[in-house]
Amino acid sequence: MYKTLIICFFLLICSFVHSYGDDLEHTETELYEEAVKLYDQKKYKQAIRAFQKIEDLYPLSYWAMKAKLLSGVSHYNMGNYSSAASDMDDYIYVYPNGEDLPYVYYLRVLSYYMQINKVQLGQQIAYKTLELATEYINLFPNSEYIEEIKEKEKLITEHISKKEYSIGEFYLKRGEYLAAIKRFQDMISNKDSKYSSRVISYLITAHLALGLDLEAEQYENMLVEGVN
């Protein structure tokens, strides 16, 4: 067993040397410049492989940091938003003081944002994106991307409200009043939502259907106060 492990390790080393032998003859700066050429030519798959080699050969170096960023941008440009978000997560974890952090955080928000409409039922991605957008606004209030992120935050909030409202309405029509109440109660805190008055009306309906007259009355008062 021990001999087998030694042989496997030896073969792994040989494979690595064979794969990266030619690259070791170049400096990391040269490798980075070659990778950037591929990136500039929009040969993103080849560029990503080239950037990965830099990270493998020169981990934690300045050019490895730059390679991680452009690898994420390459994934984003290819529409691989999940991979782009993962690259940005890795960058933030490995290079917490990196010089491109405002852009990295920005690209991470965009990468999550671009995945929202792919989610048919759950809203985990939307809530995660909203959390990251809020984090960005707090961390980089003077960033050149701040207005765009604020607009994204607004759109995400509207998206979540629309989805929660439609699900709550679905439950209400099916007579699943407790499930409907939970959805609508989660929306109450967003007083700026265009759904606010309708949500409160549905809460009144659901509570009355369950015989919870006192709770229904509280929402009726809330609706009156909102109108006034």
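By class, the contact of H6 with H8 holds 7 nonpolar, no polar and 2 charged residues. The model on the screen is a predicted one.

Now show H6 and H8 as whole helices. Two packed helices are described by the angle between their axes and the distance between the axes. For H6 and H8 the angle is about 25°, and the axes lie 11 Å apart. Angles under 35 degrees count as roughly parallel, and H6 and H8 are therefore roughly parallel to each other. Their crossing is left-handed.

Next, zoom out to the whole chain. How many helices and strands does the chain have? There are 11 helices and 0 strands. Of the 228 residues in the chain, 38% count as buried. Take the contacts between residues at least 6 apart in sequence: 52% of them join residues at least 24 apart.

Go to the inside of the model. In soluble globular proteins, nonpolar side chains tend to be buried together. The largest nonpolar core here has 41 residues. Select Tyr39, Phe51, Ile54, Leu70, Tyr91, Tyr136 and Ile149, which have the most contacts inside this core. Colour the helices that give two or more residues to the core: H2 (28-40), H3 (44-57), H4 (62-77), H5 (81-94), H6 (101-113), H7 (124-139) and H8 (146-173). Which helix gives the largest share of this core? That helix is H6, with 8 residues.

Leaving out residues up to four places away in sequence, Tyr136 touches Pro102, Tyr105, Tyr106, Val109, Ser143, Tyr145, Ile146 and Ile149.

Move on to H3 and H4. Their axes come within 9 Å and cross at roughly 155°. That makes H3 roughly antiparallel to H4. H3 passes H4 in a left-handed crossing. To see the contact, select Tyr44, Ala47, Ile48, Phe51, Ile54 and Glu55 of H3 together with Trp63, Ala64, Ala67, Lys68, Leu70, Ser71, Ser74, His75 and Asn77 of H4. The contact of H3 with H4 divides into 9 nonpolar, 4 polar and 2 charged residues.

Thr29 and Trp63 are 34 residues apart in sequence, and their C-alpha atoms are 6.9 Å apart in space. Is Thr29 buried, partly exposed or exposed? Thr29 has a relative accessible area of 29%, so it is partly exposed.

The last stop is the pair H9 (residues 177-187) and H10 (residues 196-209). These helices pack at an angle of about 150°, with axes 9 Å apart. H9 and H10 are therefore roughly antiparallel to each other, and their crossing is left-handed. Select Tyr177, Ile181, Phe184, Gln185 and Met187 of H9, then Val199, Tyr202, Leu203, Ala206, His207 and Ala209 of H10, to display the contact. The classes in the contact of H9 with H10 are 9 nonpolar, 2 polar and no charged residues.

Key: Residues are numbered from 1 along each chain as its sequence is written. This is a predicted model: local features need pLDDT of at least 70, side-chain atom pairs count only at pLDDT 80 or more; totals for chains, interfaces and linings use all residues. Side-chain values use heavy atoms; hydrogens and water are left out. Axes are lines fitted to C-alpha atoms, for helices over the stretch in contact, and angles run from 0 to 180 degrees between N-to-C directions. Helices (H or I, at least four residues) and strands (E, at least two) are DSSP runs, numbered from the N terminus. Angles under 35 degrees count as roughly parallel, over 145 as roughly antiparallel, 65 to 115 as roughly perpendicular and the rest as oblique. A crossing is left-handed if the near helix is turned anticlockwise from the far one by less than a right angle, and right-handed if clockwise. Contact means heavy atoms within 4.5 Å. Ala, Val, Leu, Ile, Met, Phe, Trp, Tyr, Cys and Pro count as nonpolar, Asp, Glu, Lys and Arg as charged, and the others, Gly among them, as polar. A nonpolar core is a set of buried Ala, Val, Leu, Ile, Met, Phe, Trp, Tyr and Cys residues joined through side-chain atoms within 4.5 Å. Buried means under 20% relative accessible area, exposed over 50%, partly exposed in between (1.4 Å probe, protein chains only).
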